[in-house]
Amino acid sequence: MTVTVRYTCPHCNAVVSLERPPDLADRSVTTVRQPGWEYANPDDPDRESADGIEFLCGEDGPVTDLEGESVEGCGRPFYLNFVRFEQGVELDPDPPTYGGPRFDFDA
């Protein structure tokens, strides 16, 4: 069983739809890759085992506006980031997507 999930391009607000299993572990949609994360293409059959999905707005399939009318898309990349776990502990993205303070000045 799958469900249709819609993701909005953060650059131009175009909407891409993707069939996914109903047990989603989505964290965020960002304009930049998370360092060290592996991203799959939307048509990759193993995409759920990656750290996220990389979209190219309008180039990975049809996109619509928020009302469902067909649009072209901007062609820029955006990234769906999944929740990641290591030894049962949820990992924060680096840099954090919540915009909190950072103290890793040597990074």
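Modeller: Before we start, one rule: two strands pair if DSSP finds at least two bridges between them. And keep in mind that this is a predicted model.

Colleague: Okay. What makes you say that strand E4 and strand E5 pair?

Modeller: Two bridges link E4, residues 39–40, to E5, residues 52–56. The rule asks for at least two, so E4 and E5 pair, and they do it in the parallel sense.

Colleague: Which residue in E5 is the bridge partner of Tyr39?

Modeller: Gly52 is the partner of Tyr39.

Colleague: How do you know that E5 pairs with strand E8?

Modeller: Count the bridges again: there are five between E5 and E8, which covers residues 77–82. At least two are needed, so E5 and E8 pair. These two strands run antiparallel, and Phe55 stands opposite Phe78 in E8.

Colleague: What makes E1 and E7 edge strands?

Modeller: Look at the open sheet of four strands, ordered E1-E2-E6-E7 with antiparallel pairing. E1 and E7 each pair on one side only, and that makes them the edges. Inside that order, two bridges join E2 to E6, residues 63–64; two is enough under the rule of at least two, so E2 and E6 count as paired. Val16 stands opposite Val63 in E6.

Colleague: Which residues have the most contacts inside the largest nonpolar core?

Modeller: They are Tyr7, Val16, Ile53, Phe55, Phe78 and Leu80, in a core of 13 residues. Core members have to be buried, under 20% relative accessible area, so Tyr7 and the others must fall under that value. Strands E1 (3–8), E2 (15–20), E5 and E8 each give two or more residues to this core, and E8 gives the most, with three.

Colleague: Which residues does Tyr7 touch, not counting those up to four places away in sequence?

Modeller: Among them are Val16, Phe55, Phe78 and Leu80, which are also listed with the most contacts inside the core. Tyr7 touches Arg20 and Asp26 too.

Colleague: Now Cys74. Why is Cys74 called partly exposed?

Modeller: Its relative accessible area is 32%. Buried would need under 20% and exposed over 50%, so Cys74 lands in between.

Colleague: Where is the place of Cys74, and what is in contact with it?

Modeller: Cys74 is in the loop between strand E7 (70–71) and E8. Leaving aside neighbours within four places in sequence, Cys74 is in contact with Cys9, His11, Cys12 and Cys57. Cys12 is 62 residues apart from Cys74 along the chain, but their C-alpha atoms are separated by 6.5 Å.

Terms used: Residues numbered from 1 in each chain as written. Predicted model: local features only at pLDDT ≥ 70, side-chain atom pairs only at ≥ 80, totals over all residues. Heavy atoms only, no water. Core = buried A, V, L, I, M, F, W, Y, C linked by side-chain atoms within 4.5 Å. Buried < 20%, exposed > 50% of the residue type's maximum accessible area, 1.4 Å probe, protein only. Contact = heavy atoms within 4.5 Å.
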